[in-house]
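Student: I have a structure open and would like to learn how to read it. Could you walk me through it?

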Amino acid sequence: MKIDVKDRKILYELDKNARISYSEISKRVRLSKNSVIERIKKLEGQNIILSYNGLININQIGYSTYDVYLKFQNTTPKKEEEIINLMMKNKRVWFVGKLEGSVNLVLLISTKTPEEFYEIWDSIYRKIRKNVKVVRIAILLEYHHFTKDYLLGRDSSQRKVEKIGKKEYVEVDATDMHIMKILSHNARISFLELSIRLNISPKTVRNRIRRLEKDNVILGYKTNLNFQLLGYEYYKVFLTLNNLEIREALYGWILRNPHVVYFDKFLNGADFEFDIEIGSFKEFVKILDDLKRDFKGAIKEIEWFNVIKIYKSSYF
């Protein structure tokens with residue numbers, strides 16, 4: 001689906017901060033406020049904008065996230081759909097994505113203890129074990145969100161990065177958790193609407209959110225875009241390295257590439273992992289060729305998966 005430059009600029013601003021006001025967007029893209037509102041409503045109606053989500057650093061409030069990779073076996077399309085629907089309905093699974101390749105399904109589950117994860121995963125695995133092979137279970141250490149600079153084709157060397165990862169434990173109460181739950185599903189909700197839903201004053205809501213931002217519990221507010229309708233393909237890339245000392249240089253390399261949208265660090269993961277959204281497979285192969293050229297002899301193996309669809313992505 002084709003969109004013009006003004007739409008791309010609006011999406012870029014919403015990607016940087018989903019809570020940005022219509023008035024501020026209008027200043028930055030040089031359109032009237034009414035025109036901005038009309039365009040955003042159109043993008044929402046076309047399902048290009050899927051949702052607005054608070055970026056919550058759940059590590060900071062005592063959670064660990066487990067990354068589960070599964071390959072389907074002994075299945076039919078109907079059985080695979082049943083498994084996906086089962087994961088969608090499970091409230092403890094907050095991310096469900098379908099992949100193509102040697103991995104077909106990725107799940108993210110966050111818990112406060114390994115024992116809690118085991119109980120949740122065991123209850124899931126008992127129901128699907130005949131139809132899946134567990135490829136890996138890894139623990140998320142860091143997850144970096146990069147602004148989607150490919151929307152404007154601009155230099156990415158100074159782009160904004162939000163980093164999920166534990167720095168220090170932050171105590172939160174039930175009201176904080178309720179605020180984060182609402183924001184994780186609707187980042188553009190107003191302080192007034194939040195206050196009505198929580199039965200507290202707008203000032204209290206604002207102060208609590210500012211504190212959660214200051215404590216790096218709320219890292220930002222992102223816009224979930226339909227990459228396929230925008231004409232992009234999504235790939236996850238895993239690198240096995242001959243030389244682990246190049247990881248810092250690799251990070252600088254992906255940071256400068258506007259098509260790299262996430263960096264992931266896992267315990268029991270690959271040596272280096274990142275995600276790409278790009279216009280075609282041919283362009284994706286060129287990025288891999290550039291990578292091999294720029295780090296000649298340092299990369300032992302490159303493995304990649306094509307992300308077909310993200311069914312679910314919300315922490316709470």
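**Reading one residue, then the whole chain**

Tutor: Let's start with Glu82, which is partly exposed at a relative accessible area of 39%. Buried means under 20%, exposed means over 50%, and partly exposed lies in between (1.4 Å probe, protein chains only). This is a predicted model, where local features need pLDDT of at least 70 and side-chain atom pairs count only at pLDDT 80 or more, while totals for chains, interfaces and linings use all residues. Residues are numbered from 1 along each chain as its sequence is written, and side-chain values use heavy atoms, leaving out hydrogens and water.

Student: Where is the place of Glu82?

Tutor: Glu82 sits in helix α4, residues 77-89. Helices (H or I, at least four residues) and strands (E, at least two) are DSSP runs, numbered from the N terminus.

Student: How far apart are Glu82 and Ile128 in sequence and in space?

Tutor: They are separated by 46 residues in sequence, and by 9.8 Å from C-alpha to C-alpha.

Student: How many helices and strands are there in the protein?

Tutor: The protein has 10 helices and 11 strands. Its radius of gyration is 20 Å, close to the 20 Å from the globule rule for 316 residues, so the protein is as compact as a globular protein of that length. That radius is taken over C-alpha atoms, and the rule is 2.2 Å times the number of residues to the power 0.38.

Student: What percentage of the residues count as buried?

Tutor: Of the 316 residues, 49% do.

Student: And what share of the contacts joins residues 24 or more positions apart?

Tutor: Contact means heavy atoms within 4.5 Å. Among contacts with a separation of 6 or more, such pairs account for 74%.
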